[in-house]
Amino acid sequence: MKILRFDATGGPGTADFWIHELDVALWRDEVVATLGEDYSTQTAQSRWGETTMPEDMRFVHCVAVDGDDRLGVCTVELPQRDNLSLAYLSLVVRRGARGTGVGSALLDAALECCRSNGRSIFQGWTFAPLEAKGPRRVRPDEGPGELDADDPTTAFLLARGFELRLLERLSRVTLPAPEVAARQAEEAKDVVGDDYAVVQWAGPIPDDCIDDIARLVRAMSTDIPNGGAAVEETNIDAARMRRSDARYQTMGLDRLFTAVRHVGTGRIVGFSSQIVAPGMPTAQQAATIILGEHRGHGLGWLLKTAAHAELRRRYPHVERVATENATGNAPMLAINERIGFEPFGLSGWFERRD
Ligand SMILES: CC(C)(COP(=O)(O)OP(=O)(O)OC[C@H]1O[C@@H](n2cnc3c(N)ncnc32)[C@H](O)[C@@H]1OP(=O)(O)O)[C@@H](O)C(=O)NCCC(=O)NCCS
């Protein structure tokens, strides 16, 4: 077995596109085996597309091969504009090849790459069933829930100095019929009244919203529960948001935005976004945020109902929405439960500091 390292990869039709196909296939197997179904909107093209903004986020891929056999991959993400001590790791080994040292070899190669780029904090995410089995459990630093400490993935990370910072609850909802979704959104608007107006778009962020959206994305990066993980504010401005617009196009994904404008000031004070992949029945909830001083007015409920109505109208192939929330994020979980989201799994946020 040997580890290959790729400091840049090409898109569809190029010689090393197989790395993204491998990565997506291995993660899909992992999700289906752990949670019973695949809910992700990721494709090989979207995984490659993520790498196309190297001025903001640099990607390195370590791949384990044995002859023609491709055994596993570790995608290393190195933020370039903030969080300069941090690296995100996405490490996955083919299920039939686990327990033979492939994961350890990939992790060693990835950590070496991280260190040579000045990184000393490493974060990664796992999938787990809703209910932990086994006698030994591990609890996160923040929020309720637990993982089976003897699950091979969890045990692998704990044995290598990673700690469980937070658990995220994965849940999904089947969207109501279009007319029901539209009615819910209208009712939510009536409750909120005339102080706020809904603005929606798919595709590039309108010029008159972009500074406010950038400000909200910055706020969101440190405002959500993180279990004490080392997270610095994301350094995002309008130019980076524009690059992110372009990146979604390259990824072959649509991003639907639903925002609320405070009529008195004209400012966008909250938004919710969902990712839609062509032909895939599940849309992925991305960010939802409302600025602190505008909370408590029913805007969270308004954002979600308006978004779901627009998803139904614009994307008839989308039947469900999947989301991830920190298990301790009571306000967001309450809105999601009210709208009908039901939990189906957990995701563990692990961190190691050297
Ligand atoms: C985490 C993961 C990459 C480890 O890969 P791996 O190839 O099994 O790793 P290794 O073989 O080097 O080590 C596996 C560990 O589990 C032990 N193990 C024993 N039996 C095992 C089995 N049947 N299956 C898996 N691991 C087993 C190994 O002995 C080793 O333990 P150690 O700490 O004593 O060395 C793999 O489990 C995986 O792909 N998990 C899903 C993806 C994921 O969540 N990744 C982590 C977040 S980024």
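1. How do the residues of the shell around the ligand divide into nonpolar, polar and charged? They comprise 10 nonpolar, 8 polar and 3 charged residues. Here Ala, Val, Leu, Ile, Met, Phe, Trp, Tyr, Cys and Pro count as nonpolar, Asp, Glu, Lys and Arg as charged, and the others, Gly among them, as polar.

2. The model is predicted: local features need pLDDT of at least 70 and side-chain atom pairs count only at pLDDT 80 or more, while totals for chains, interfaces and linings use all residues. Residues are numbered from 1 along each chain as its sequence is written, and side-chain values use heavy atoms, with hydrogens and water left out.

3. The ligand is surrounded by 21 residues, each with a heavy atom within 4 Å of it. The closest are Leu 91, Gly 99, Gly 101, Gly 103 and Ser 104.

4. A polar backbone atom of Leu 91 is 2.7 Å from a nitrogen atom of the ligand. Oxygen atoms of the ligand take part in the others: one is 3.1 Å from a polar backbone atom of Thr 100, and one lies 3.2 Å from a polar side-chain atom of Arg 98.

5. Elements giving two or more residues to the shell are α1 (18-35), β4 (86-93), α3 (102-116), β5 (121-128) and α4 (152-159). Strand β4 gives the most, with 5 residues. Helices (H or I, at least four residues) and strands (E, at least two) are DSSP runs, numbered from the N terminus.

6. The rings of Tyr 88 and Trp 125 have centres 6.0 Å apart and planes at 35 degrees, so the pair is tilted. Rings of Phe, Tyr and Trp (its six-membered ring) pair if their centres lie within 6.5 Å; planes under 30 degrees apart count as stacked, over 60 as edge-to-face and the rest as tilted.

Note on methods: Polar contact = N/O pair within 3.5 Å; in protein donor to acceptor, adjacent residues only side chain to side chain.
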